[in-house]
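Subject: Structure handover

Hello,

Here is the structure I said I would pass on. My notes follow below it.

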Amino acid sequence: MSTPPADPHLPAVHLRPPRNWINDPNGLVFHDGHYHVFFQYNPYGPRHSNVHWGHYRSPDLINWEPLPVALAPTPGGHDADGCFSGNAVSADGRMVAFYSAHRTDRWWQPVTTAESYDSGITWAKRPELLIPEPPADTTMYRDPYVWQQDDRWRMLVGSALADGRAAAQLYESDDLEHWEYRGPFHTSDAAAGTGPVGWECPQYATFGDHSVLIISDWTPQGGPSHTTVHTGREQHGRFTPTACPVPLDHGPDFYAPALLKVPGEDRWLLWGWAWEARDDTWAHDAGWAGVLTLPREVTLTADGTVVQRPARELLALRGERVLHRTGHVTQSEPAELGQVSRTFDLTAVLTPDTTGTSGLRLVTSADSTEYLDIGLDPTTGHLTVDRSHASPDARARGGSYAVPCPAARAGAPVELRVIVDRSIAEIYLADGQVLTLRFYPLADGPWRMQARTTGTGRSDFTVEAWNLSPGGIRQEPPLASQGQNA
């Protein structure tokens, strides 16, 4: 196991190489006894450029082995300016990666493929593009997602339409080689200029006769925006929503999630990209940017609610239990719960004080001026996460973010799970809603937890926390075979 990095913000249990830029998770696939996670990766620097596919694999979601870069741009080729997002499948003893071939001299990103017959060590690209042209009346086109359903292969491609709507385009194939265009699988219903301009990274999961379409909303002005989940069912090659779309993650730093169906199990896993919430110059000086979330299990309730929880395997990362406290707190004095490391897993049951905001504070400085607040607001019925005081460095983004939590309004107990890893926090409510955000403490610590309330009553709490072991993430840098300097 490698020694802890000198950078106090570089996550220890979240997946990413020790240096350089990463963004979207790609090619999530289980093949030859391993989970494979690919991701957008610049081997030469901490900015979005020279996009390759980095690659890790694991037999158990705990021990991760870095493999050589899977895909690199071919100078003068169809993907000369980047091997952009897509996914991968396991079929007939091989892995097939579907990806977006990027060149700066065309506005669309054609779909193409590469194959590996040695469990992802080496890859061979197809000589010609798989789908060279987008459908008519399309103004954006990228990010294939391929899956098998009823003995046929299906593909969604993210796009924008000339009339201002966003769309996920559907293709079908019998052999992964010859694809027939079936039309838009689903489109936004917003009038031109009022909704998302384009959909990126479409992902699709089925749960019996119901299904989930996950979309990453993109605009030409702001670029990546947020991720939305649509629930419904398919009818005659078209997705029909049965509820209004809702955020998949309520935090400010989550985008481009990708799905993996676990073979032989009725279980879907999801990873997302958590981008930096700090100035680009800071990330450049640190030498790295971006991190993948921890793997999440995704399920669908009978009423159509999408539920996310940390993958069950992650319990194996728990080491020493450092907190186990039950009690109550009043406005007069916070309750000191004890110290935690910079990488910990916490569970809590909080009974809110209905006369004020109550919750937990992660204090990261000895003088208590640097902290991250997780609070229950009975007035709005929300759980809020406030990072306004999480870093004194003006280059770090602040702000407060909220998740609907009706129990807070009613004064009923609220169950939480909070996983913090140096500069990323993933907060899960018991009903399956999640909020992901980045923060950058600067003080030496030690880190400690408090329970607090601003109300005139009292707030009850039960809190347990475990320090997390870095597990088996090997940190050798992936190798790049081609590319240009950053």
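β9 supplies the most residues to the lining of the largest pocket, namely five. This is a predicted model, in which local features need pLDDT of at least 70 and side-chain atom pairs count only at pLDDT 80 or more, while totals for chains, interfaces and linings use all residues. Residues are numbered from 1 along each chain as its sequence is written, and side-chain values use heavy atoms, with hydrogens and water left out.

Pocket

The largest pocket has a volume of about 430 Å³. Of its 21 lining residues, Val89, Val146, Trp147, Gln148 and Lys261 are the closest to the centre. A pocket here is an open set of points on a 1 Å grid over the protein atoms alone, where a 1.4 Å probe fits, with protein on both sides within 12 Å along at least five of seven lines; lining residues have an atom within 4 Å of a point. Grid points are joined across faces, edges and corners, and the volume is the space filled by probe spheres set on them.

At least two lining residues come from each of β1 (20–31), β5 (83–91), β9 (138–149), β13 (198–207) and β18 (255–261). By type, the lining has 15 nonpolar residues, five polar and one charged (nonpolar: Ala, Val, Leu, Ile, Met, Phe, Trp, Tyr, Cys and Pro; charged: Asp, Glu, Lys and Arg; polar: the others, Gly among them).

Fold

The chain holds two helices and 36 strands (DSSP runs numbered from the N terminus: helices are H or I with at least four residues, strands E with at least two). Two strands pair if DSSP finds at least two bridges between them. β2 (residues 34–42) and β3 (residues 52–58) run antiparallel and are joined by seven bridges, and phenylalanine 39 is opposite glycine 54 in β3.

Cysteines and burial

The whole structure has zero disulfides (a disulfide being a pair of cysteine sulfur atoms within 2.5 Å). For cysteine 201, the nearest cysteine sulfur is that of cysteine 83, 15 Å away. Cysteine 201 is buried at 6% relative accessibility, whereas cysteine 244 is exposed at 63% relative accessible area. Buried means under 20%, exposed over 50% and partly exposed in between, with a 1.4 Å probe and protein chains only. Of the 486 residues in the chain, 59% are buried.

Regards
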